[in-house]
Amino acid sequence: MTQHPNLTSTSTAIPGSPASVVKGNDRRYRQRLPSLGRGLLRRLFAGLLGVGLLLVSWQLIALHSTDFPSPWQTGEAAIPIFAHPFYVAGPNDQGIGWNVLASLQRVAMGFGLATAIGIPIGFLIGRYHFAADMLNPVIALLRPVSPLAWLPIGLLVFQRADPASYWTIFICSVWPLILNTAEGVRQIPDDYLNVAKVLRLSELTVIRKIIFPAVLPNILTGMRLSIGIAWLVIVAAEMLTGGMGIGFWIWNEWNNLNMRHIIIAIFVIGIVGLLLEKLLMAIARRFSFEKR
Amino acid sequence: MSKHPIIQVQQVSQYFSTASGDFLALDNVSFDIAAGECISLNGHSGCGKSTLLNLIAGLTFPTQGGLLCHNREIDGPGPERAVVFQNHSLLPWLTAYENVELAVKQVFRKKMNKAEIKDWIMHNLQRVHMEHAAAKRPDEISGGMKQRVGIARALAMKPSVLLMDEPFGALDALTRAHLQDTVMDIQQQLSTTIVLITHDVDEAVLLSDRVFMMTNGPAATVGEVMTVDLERPRSRVSLADDERYRKYRQQVMHFLYEKHSRAA
């Protein structure tokens, strides 16, 4: 039967006639579409399975512990929190929305500073051997230092918590920006620069018209890594400095022994971090000449 | 060759420092190129053709000897010696139009107004038959088309010499033939001086007034100069049966594969 599809499907169609040709095409489409759908289904299934496994392990841990809340309990606790994310009941008791925004504002300050200073330094290191030889040892020495080691220096110099956390975010997130920018400048093909030489372009025009567009993808990669680090650092910094912010919120709930809220905060931090990364990837796609 | 020379290469030697000591790439090379002449540098890979072209371009400087352009020492690169690079080297984030514009604005900023600049850019794209792709970026056009835009950019600088470093090396035979014809047309119209690096024997004979055959490195030099006395415009089809063309071809082949053959 399967060897003669034309004969079995329509008894009137003569093999090779237009009707049977259309039938043939039709069949091929039907074979292709499900395979495309299957891929999507498989990915959806795998993703749900991953989340499901996480919830099951979480539930197992909760069953064997007296203090650890179960997913269900956490979900229940989350409803009032997300029902009123922007309430204000005093300086130390505000909704989670305000806390996230306070943290984002600090990240924006520290990250903005890192961008403004890191990219030009990266340019210098990539373009001039002298700058590279001068700064590379310093970078190699300072880069591996833990974020929290920088906080006391910030507190000492600025005497206030907020500038100290800007400083900590800045110093931790500036390295990937410097290194990626420098690497991008170094990798610019000689041909592009030879074109600039033949045209006798001024150094400023070379930077504006050739080096900057060529390095933009690297800069955006640096920014993506950098904002990830900034978001990691802010939680730790806020735990120590207090005030407002998602990190302080976690510390506060720990003092209240409210484990449910801590787990909710962990999810919030994860989701916000994911969104920041996605945002920068979208910007990178928009500006990168490679993917347009 | 009684015309006054536009490029003079005088006793040029070039050493490169390598891990195993100094390497003599070019040994005492001298020749003149007359205005409006098309010469090709022919030889095996590594014989110093590109080294020589970079010296004329002013991108590098000779260890000994000197190079003159219009009787003035070449002390750096400049738009009067435009280079067409082998891999087109168009800026990938600019359209074909913008790539040419970068050159035109730099060279003629003070001499042309906006409308003139625009016309001049389009005029040069038309010369290489690329006006239809003005708004396309390099990754949207084929290799041959990229090379055409590269030539348009070079021509737009109104160079006294066009330096071409294996401009068609990466292209297929048919595309290469089209581009060779385009270059011959342009040379006929503008009588541009052209220095062409190639290891394609047909390309050398077809395009050149003189073929400079270089010996193998180290210590490469110009081994033989062959004057191609074929009237222009030249047609590849009719020349294919021409006895003189075949003899010129044989002379280059003889030099490359018998006198200076290279164990590959």
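Predicted model: local features only at pLDDT ≥ 70, side-chain atom pairs only at ≥ 80, totals over all residues.
Reader: Start with chain B. How many helices and strands in its secondary structure?

Author: Chain B has 8 helices and 10 strands.

Reader: What radius of gyration does chain B have, and what would a compact globule have?

Author: Chain B comes out at 19 Å. A compact globule of 264 residues would be near 18 Å, so the value for chain B agrees with that. The C-alpha trace spans about 55 × 45 × 40 Å along its principal axes.

Reader: What share of its residues count as buried?

Author: 56% of the 264 residues of chain B do. The chain exposes about 11,900 Å², and carbon and sulfur atoms supply 50% of that area.

Reader: And the contacts, what share join residues at least 24 apart?

Author: 68%, counted among contacts in chain B between residues at least 6 apart in sequence.

Reader: Charges next. How far apart are the mean positions of the positive and negative ones in chain B?

Author: They are 5 Å apart, with 28 positive and 30 negative charges in chain B.

Reader: On to the sheet with β1(B). What is the strand order?

Author: The order is β2-β1-β4-β5 in chain B, an open sheet of 4 strands with antiparallel pairing. β2 and β5 (72-73) of chain B are at the edges with a single partner strand each, so one side of each has no neighbour in the sheet.

Reader: How many bridges join β1 to β2 in chain B?

Author: 10 bridges join β1 (residues 5-18) to β2 (residues 21-34) of chain B, and the two run antiparallel. They form a hairpin with 2 residues between them. F16(B) stands opposite F23(B) in β2(B).

Reader: And how many bridges to β4(B)?

Author: β1(B) has 5 bridges to β4 (residues 64-69) of chain B, again antiparallel. One pair there is Q10(B) with G66(B).

Reader: Switching to chain A. Is helix α8 mostly covered or mostly exposed?

Author: Mostly covered: 8 of the 10 residues of α8(A), which runs over residues 190-199, are buried. Among them are Y192(A), L193(A), V195(A) and L199(A), along with D191(A) and N194(A).

Reader: What do the buried residues of α8(A) pack against?

Author: Elements of both chains. In chain A, they pack against α4 (96-127) and α9 (203-241). In chain B, the partners are β6 (81-84), α2 (96-108) and α4 (143-156).

Reader: Which residue follows α8(A)?

Author: R200(A) does, with a positive phi near 55°.

Terms used. Residues numbered from 1 in each chain as written. Chains lettered and ligands numbered in written order. Heavy atoms only, no water. Buried < 20%, exposed > 50% of the residue type's maximum accessible area, 1.4 Å probe, protein only. Contact = heavy atoms within 4.5 Å. Rg over C-alpha atoms; globule rule 2.2 N^0.38 Å. Areas by Shrake-Rupley, 256 points an atom, 1.4 Å probe, with all protein chains shown as cover. Lys, Arg positive; Asp, Glu negative; His and termini not counted. Charge placed at Lys NZ, Arg CZ, Asp CG, Glu CD. Pairing = 2+ DSSP bridges.
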